[in-house]
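Please open the structure in your viewer and keep the selection tool at hand.

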Amino acid sequence: MEHTSLLDPLPDSNSNPISPLTHAAWHCEDAFVGYFNAFDRKPTNSDRAKYTNHKKVQKLIPYLLFSLILITFFERPLWCISSSSCSAPSNDYIYLSSISYLNKTVSIPLEISVCLLLLFTNYLQCSLRTNKNTTRRRILPAKITFTILILLESLFFISTDMTYRISPFLRIALVCLSDQCFPLLCEVYQILTAFTQVLVLYVGSWVFFGWILAMVLKDAENKQIPRCAGSQNCENVNTGFSTLTEAIYTMMLAATTSNYPNVVAPSYSYFRMIGLLWTSFYFVSNFLLLNLVLSVIYSEYSEFFKNRVLLYFSNRMKSLKHAFMLLENGKGSVNKEQIAALLQKLTIKIPPNHVEYLFAKLDADNSNHIDLEEFVEFADILQFSYKRVSSISLIEKCLKGAKNTYRNLEQFQNHINSPQFRKIITLILLANTVAVVLESIDELQFKDLEFLSALNWLRLNTLFSVLYVVELFLRAGVANSLDMFWMSYSNRVDAVITIIMALGSAWEWLDIAAEHSFILRCVVALRLFRLVSRTKHMSFLASCLSSMAAGCGPVLLVLFCAIAMFALVGVQAFGGLIHGGNDDDDDYMDNFLDVFNFNDVLMAIGTLMSVLVSQPHAEMIDGFSDRSSWGKVGVTIFFMGFTYIVGLLFFNIFVSFVIAAFMTQVGLKNSKFGNESDNVGIENAEQLTDKQGFRVKDVGFKVFVFAPSGQDFLWKEMFKEELASILN
């Protein structure tokens, strides 16, 4: 039943208990999100209305949190909050993210509005009859407290300029407390002990080797590099190791390899045997201990993550069993009418024409009744989508009635769908690839050497484009119906690439290539992409990336939150310090590294991403420490803290998830929804047939069921063996 208002009015009979059907629907909705609500009493119509209103408003929460993130990105940085524009002293050049900042007269009202809506959603959650000891209820006071603090500081900030604010950090904290992030953060907290232990070993390695090198090079403190000995600018052999503190700092950077091989050169040039110490250090620190960090995090995270997934599906099983008991009423099974009535009661709306398809998929034994063993798959099958499409191709519609021609057409269709035809297209793509390589060499590398004239290259490219257009017509208009062809994502990619290549050839013939040279270069790259996408291994990798992208959202969100927290610290600590007016003669400015700064949040995130990839450089640490009140110690703690917390902990958690998900996809290579013979070339789909209890009555149509690509499907495959005892 559709409602015109956002919230449902409370029913007149608030105190009346809900019907068994509605109660069963409530359990099914809890099962869908891996939750089990052990009601202390039978819920009433008022409880159900509050729950329904909460579910509706809860859909707004991701958008509200995203709004807070956008405000954090676009609000004017505090270092230039009082000026009309963020500019350097004397209008020197300063690198900013080239976005239009929001003045506080705009950002503060937006922030207050979002926070009020968040408080309203929290109020609705407080009014629900749910378990008091659930994680959601336990963190609710923290959400309310953070939101109120943001409101209070925002009201104060309207009339007063502030050098530091806690609201940006609290916005990210609210994202961390969301249903997507908080469970993962709990797992991060649980692995901190094991991570700290191996981090102590890692830090101890460069402290130990720093002490050894300082002792070894103590006698060479007045000696210079042999090749330049006696010159004014020649470095000492013990550069970076003159004191124990300096040696530890040098080895800390050496462990990140950001100053390699410069840090090794002075001592190694004087004493060759010291190379054994450096080799031992890099073997222990970089090859052994860094991989040990990843191994420990992978092991610990996998165990806690598995426990969370098992609890998730255990709660789902409990909720579905309670729902089934409310529906079967002692009969031991439920029929199609009961399933249809149940679907109408759900807040998750199912199209009416999908009810029969869903029941057919649920009824595994084709008995027209659903027992408990089948009903426990209800939450999974509810995530399936169904599509009824025409199976008659365009050419079949044109030749309707011509029986002999139709029989010959069927043979021709089988040939187009055969592996032999795909091999022919692959050979054409290979020939096109060779032509692209030769044309590139002709144009870019050896301009005096012409394999073919420009006109002949144009003719050859046009020939390939025509062949691809013919192939597209054969596959989309002859061998299959357009609807079936378009359901495949790979077919869509092929069609778009083919059309772009055809347009590119047409542009060249129309003498407008010079105006669209960049587009034509992209067309050349697309020809190579078509060949790569045709290979079985690359198709498998693309499928892996798609599945992992669907399930790694929470991990990436937590990683983003960790980076954002450090970015906010950097903006408030170092914002506006790096600009073209810095006349200091140092490597940071001389190497044009001032583009990596903390002048606003987006620039800060870009800077930290470069640190995450390449580790902090000594030039970067020196550049900020020379211009900041934090000093060298504070700046070093900031950058190295980011490296260890985000780089070694949070990023390795993401890597652990990717490893586990990839190994799962390898195991799924020949599964039901991964076998090409089952899914008729359509990714994550299979045809719904009478073997599953449903026969399409309309001639010329087929019904396809699409497997879910979200985290539930991925989790079930990742822990299939462990879940077997729970789900059975």
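The stops below describe a predicted model, beginning with the overall view.

**Stop 1: the whole protein**

Display the entire protein as a cartoon. Its secondary structure comes to 31 helices and 5 strands. The protein has 728 residues, of which 45% are buried. Consider next the contacts between residues with a separation of 6 or more: 75% of them join residues 24 or more positions apart.

**Stop 2: the largest nonpolar core**

Which residues touch the most other members of the largest nonpolar core? Select Trp-278, Phe-281, Phe-624, Phe-639 and Ile-653, which hold that place among the 108 residues of the core. Now colour helix α28, residues 631–667; this helix supplies the largest share of the core, namely 15 residues.

Keep Phe-639 selected and show its surroundings. If residues up to four places away in sequence are not counted, Phe-639 touches Phe-598, Val-611, Pro-616, Met-620, Ile-621 and Phe-624.

**Stop 3: a pair of packed helices**

Two packed helices are described by the angle between their axes and the distance between the axes. Select helix α7 (residues 182–190) and helix α11 (residues 274–328). The two pack at an angle of about 140°, and their axes are 10 Å apart. Why are the helices called oblique to each other? An angle over 145 degrees would count as roughly antiparallel and one of 65 to 115 as roughly perpendicular; α7 and α11 are therefore oblique. Their crossing is right-handed.

Show the side chains where the helices meet. From α7, the contact involves Pro-183, Leu-184, Glu-187 and Gln-190, while α11 contributes Tyr-301, Phe-304, Phe-305 and Arg-308. By type, the residues of this contact are 5 nonpolar, 1 polar and 2 charged.

**Stop 4: Gln-572**

Finally, select Gln-572, which lies in helix α24, residues 553–574. Is Gln-572 buried or exposed? Its relative accessible area is 17%, so Gln-572 is buried, the cut-off being under 20%.

Display the residues around Gln-572. Leaving aside neighbours within four places in sequence, Gln-572 is in contact with Leu-78, Thr-163, Tyr-164, Arg-165, Pro-168 and Phe-169.

Methods
Residues are numbered from 1 along each chain as its sequence is written. This is a predicted model: local features need pLDDT of at least 70, side-chain atom pairs count only at pLDDT 80 or more; totals for chains, interfaces and linings use all residues. Side-chain values use heavy atoms; hydrogens and water are left out. A nonpolar core is a set of buried Ala, Val, Leu, Ile, Met, Phe, Trp, Tyr and Cys residues joined through side-chain atoms within 4.5 Å. Buried means under 20% relative accessible area, exposed over 50%, partly exposed in between (1.4 Å probe, protein chains only). Helices (H or I, at least four residues) and strands (E, at least two) are DSSP runs, numbered from the N terminus. Contact means heavy atoms within 4.5 Å. Axes are lines fitted to C-alpha atoms, for helices over the stretch in contact, and angles run from 0 to 180 degrees between N-to-C directions. Angles under 35 degrees count as roughly parallel, over 145 as roughly antiparallel, 65 to 115 as roughly perpendicular and the rest as oblique. A crossing is left-handed if the near helix is turned anticlockwise from the far one by less than a right angle, and right-handed if clockwise. Ala, Val, Leu, Ile, Met, Phe, Trp, Tyr, Cys and Pro count as nonpolar, Asp, Glu, Lys and Arg as charged, and the others, Gly among them, as polar.
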